[in-house]
Amino acid sequence: MTEPSTTAIEAPAAEPGAPRKRSRLRTAAIVVPVVAATLVAATYAAAAVLEIPAPPTLVRLLTEAPSKQGELYPSRAVAASPDPAPLQANPTPLPETVPWKGEQIPVAQFLETTHTNSFLVLRDGALTHEWYRDGVEATTPLSSWSMAKSVVSLMIGQAIDAGKLREDDRLVDVLPELATGGEYDTVTVRHLLDMTAGVDVSENYNPYWPLTGTARMYLTQDLDEFVADHREVTYTPGSEGDYRSVETQLLGQILARVEGKPLTELLERNLWAPIGAEDDATWNLDRPGGQEKAFCCLNATARDYAKIGRLVLDGGRAGDTQVVPPAWIERISTPAPHRVTNENWGYSAQWWHPTPDIPDLSALGVYGQYTYVDPATGTVIVKLSDHGTEQDEEATFEVFRAIAGD
């Protein structure tokens with residue numbers, strides 16, 4: 001095909017050796033997509049090598065609300081109880097204001113300030129207050145984050161009561177494939193429960209530095225490999241305390257091994273059914289068909305978290321059934337010798353004790369998840385949020401104490 005004839009005005013000739021502009025544009029049009037494709041391919045390859053989610057999921061983890069991140073991971077279902085037990089309602093006004101950082105503010109302002117999604121108050125087992133932000137309903141499952149640790153603790157207590165496990169059992173007695181021949185092998189179930197094992201995985205939540213510590217464990221698609229790669233301790237187990245999510249993951253793996261069932265099935269049978277859970281839940285896995293992230297990532301409704309709190313408040317009983325042994329409720333209610341943070345809080349078997357002078361205790365998750373239990377006033381408070389990491393926790397507990405009447 002012949003080239004069309006040129007117009008009367010000729011374009012100036014290019015200098016010898018200089019590329020034509022059209023050639024440069026054509027080259028760029030080819031090179032830019034190739035480079036982009038290469039970078040994308042390299043990113044996907046890196047994700048595969050690191051055994052973490054693919055780039056689109058990683059991007060969504062930076063943009064999705066923490067309460068909804070459970071939808072981004074594979075999960076296993078927890079069926080609602082075959083005999084659901086709806087909470088009896090007894091509407092009661094809340095205080096007009098609550099203490100907040102040296103001021104008194106309306107409850108609505110507190111909920112807005114702390115980016116609350118669900119807020120429930122139970123008094124003597126009855127639902128006295130229930131609030132949801134726009135877009136959230138009573139049947140909306142929301143992420144527990146580290147509140148799951150406290151649920152794992154209750155199932156550990158059941159296994160101990162059944163004679164399947166002892167607090168003095170060593171981790172490597174149950175999971176012999178983790179034995180090192182070193183100090184790691186002295187870690188016991190008790191050390192893991194009270195966060196005194198010192199397993200060398202830092203409590204890092206930084207989403208922009210996700211390849212270390214707990215953030216890396218959260219992303220991994222092979223939890224067995226992760227714990228096998230982190231078999232060192234930073235201090236003699238039992239000598240001090242330090243909050244480390246990996247220790248709950250090890251508890252979950254111990255529990256699954258001694259019971260011979262995945263955590264989801266244990267939760268459904270041993271807790272969800274007897275407490276009369278009204279809604280299905282899910283528990284996120286490291287990969288499809290894999291194992292539960294025991295340290296986090298249970299997704300359930302506020303009402304069913306409240307039933308877990310009521311179970312603890314009632315000494316481990318749900319109606320006429322002793323679900324968790326009274327001895328275990330006493331165990332989680334008694335602060336262990338070592339603190340696990342710089343706060344003046346106690347900690348015991350995966351439950352927090354935020355107030356030195358009253359016997360309250362709480363499940364607590366990053367981004368503002370709480371199942372608070374105050375035996376002195378018969379109060380349970382559930383607050384599920386999208387607040388900052390470890391933000392305003394002490395001030396929030398002060399609000400809970402005011403609502404409970406302490």
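Which residue in β15 is the bridge partner of serine 118? Here are a few notes on that strand and its surroundings.

1. A word on the model: it is predicted, so local features need pLDDT of at least 70 and side-chain atom pairs count only at pLDDT 80 or more, while totals for chains, interfaces and linings use all residues. Residues are numbered from 1 along each chain as its sequence is written, and side-chain values use heavy atoms, leaving out hydrogens and water.

2. To answer the opening question, serine 118 has leucine 384 as its bridge partner in β15. Strand β4 (residues 116-123) runs antiparallel to β15, with seven bridges joining them. Strands are DSSP runs of E with at least two residues, numbered from the N terminus, and two of them pair if DSSP finds at least two bridges between them.

3. Do look at threonine 377, in the loop between β14 (369-374) and β15 (379-385). Its side chain makes a polar contact of 2.8 Å with that of aspartate 374, and another of 2.8 Å with that of threonine 379. A polar contact is a pair of N or O atoms within 3.5 Å; within protein, one must be able to donate a hydrogen and the other to accept it, and residues adjacent in sequence count only if both atoms are side-chain atoms.

4. Finally, seven of the seven residues of β15 are buried (under 20% relative accessible area, 1.4 Å probe, protein chains only). Thr379, Ile381, Lys383 and Ser385 lie on one side, with Val380, Val382 and Leu384 on the other.

Note on methods: Helices (H or I, at least four residues) and strands (E, at least two) are DSSP runs, numbered from the N terminus. Buried means under 20% relative accessible area, exposed over 50%, partly exposed in between (1.4 Å probe, protein chains only).
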